[in-house]
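Welcome, and please open your viewer for a short walk through some charged side chains. Have your selection tool ready, and we will go stop by stop.

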Amino acid sequence: MQFKRTLVTLLAVGTAALAHAQGNWPTKPITLVVPFAAGGPTDVVARTLGASMTKALGQTVIVENKLGAGGNVAAAYAAKAPADGYTFFIHHNGMATSTALYRKLSYDALKDFEYVSQAVEVPMTLLARKDFPANNFQELVTYVKANKEKINLATAGLGAVSQLCGMMFQRAIGVTLTEVPFQGTGPAMNALLGGQVDVMCDQTTQTVPQIKAGSVKLYGVTTKDRVKVLPNAPTLAEQGLKDFEVVVWHGIYAPKGTPKAVVDRMNAAVRAALRDPDVVKRMDDLGAEIVPDAKNTPEALHVLLKSEIDKWGPVIRAGGKFAD
Ligand code: MLT
């Protein structure tokens, strides 16, 4: 009897402490884990949102770059982080494609996370180093087909959208190139600028400044329609790669078990950031589209992730490239 009473008291105290902790949340800095290198496109989105969310939450949002395995080192880390409301995770399509690309993953994208919100959608661009011989898309296809043995394609590894887009490009024109994996397209872009690699697919959130500065050659965008910020760039589909479409979507997650009240407040902070004029302008300048408010719910992110797993699974399996 005494034991029962003590247990009830302890539970009551524990619940009250938790409620109090959540009520005050956040009382210390929050970590936003980014699965690719600093300076790259995912990092740009995370830091832009993080700076604005810091204002909304009254606590610093610290970006932590955890590199490796095409984003999967970070995903596994985030899945196992304490569900105390102080670790969140931002990832893109790789959260869905990795389930087909990797034979073994130490986390389950559909079971090990709470879903916070979608954020932005980003077009990709097909690029080459500045002195690459091809001057337009048709020349690129001809040149790549004739010189496939000596052309390097930079990617951020299996699970990265640069690899997915690069794989689709190779398949569409019927070549196999040497893929050079980096720990993010930040370092891959440095290699492209330095002439150590030849071609790359990458998101406008990193490529627009380089394209505008004339530091790289641009052959097209991967969206169905042209991109406002690069009005002269044709889509790959309109240049002959029928139905070629890759749009990069970003979602924010928390470890499974993070209290709902915290997830809801984080969701509100993400939404506030997406309405922040500084964020809107930066995303606009970089060709990223802010996802409409109605879609920025935890439920909508869960539905999107499930549908993307169904969509990309067969594409990837047909590509026949897997990792353990
Ligand atoms: C990055 O942030 O480096 C990219 O999103 C990697 C990728 O291509 O997926």
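Begin by selecting Arg-226, which counts as partly exposed because its relative accessibility is 42%. Keep in mind along the way that this is a predicted model.

Arg-226 and Glu-238 form a salt bridge, with 2.7 Å between the closest N and O atoms. Both residues sit in the loop between strand 8 (216–221) and strand 9 (247–255), so their pairing ties together parts that lie twelve residues apart in sequence. Glu-238 is partly exposed too, at 46% relative accessibility.

Next, pick Lys-242 and Asp-243. Color by accessibility if you like: Lys-242 and Asp-243 are both exposed.

Move on to Arg-275 and Asp-293, whose side chains join in a salt bridge at 3.7 Å, N to O. Which parts does this pair tie together? Arg-275 belongs to helix 9 (residues 260–275), while Asp-293 lies in the loop between strand 10 (289–290) and helix 11 (298–319), so the link spans parts 18 residues apart in sequence. Arg-275 counts as exposed at 52% relative accessibility, since the cut-off for exposed is over 50%. Asp-293, with a relative accessible area of 35%, is partly exposed.

For the last stop, select Lys-55, Asp-276 and Asp-278 together. Here you will find a network of salt bridges linking these residues.

Notes. Residues numbered from 1 in each chain as written. Predicted model: local features only at pLDDT ≥ 70, side-chain atom pairs only at ≥ 80, totals over all residues. Heavy atoms only, no water. Salt bridge = Lys/Arg side-chain N within 4 Å of Asp/Glu carboxyl O. Helix = DSSP H or I, 4+ residues; strand = E, 2+ residues; numbered from the N terminus. Buried < 20%, exposed > 50% of the residue type's maximum accessible area, 1.4 Å probe, protein only.
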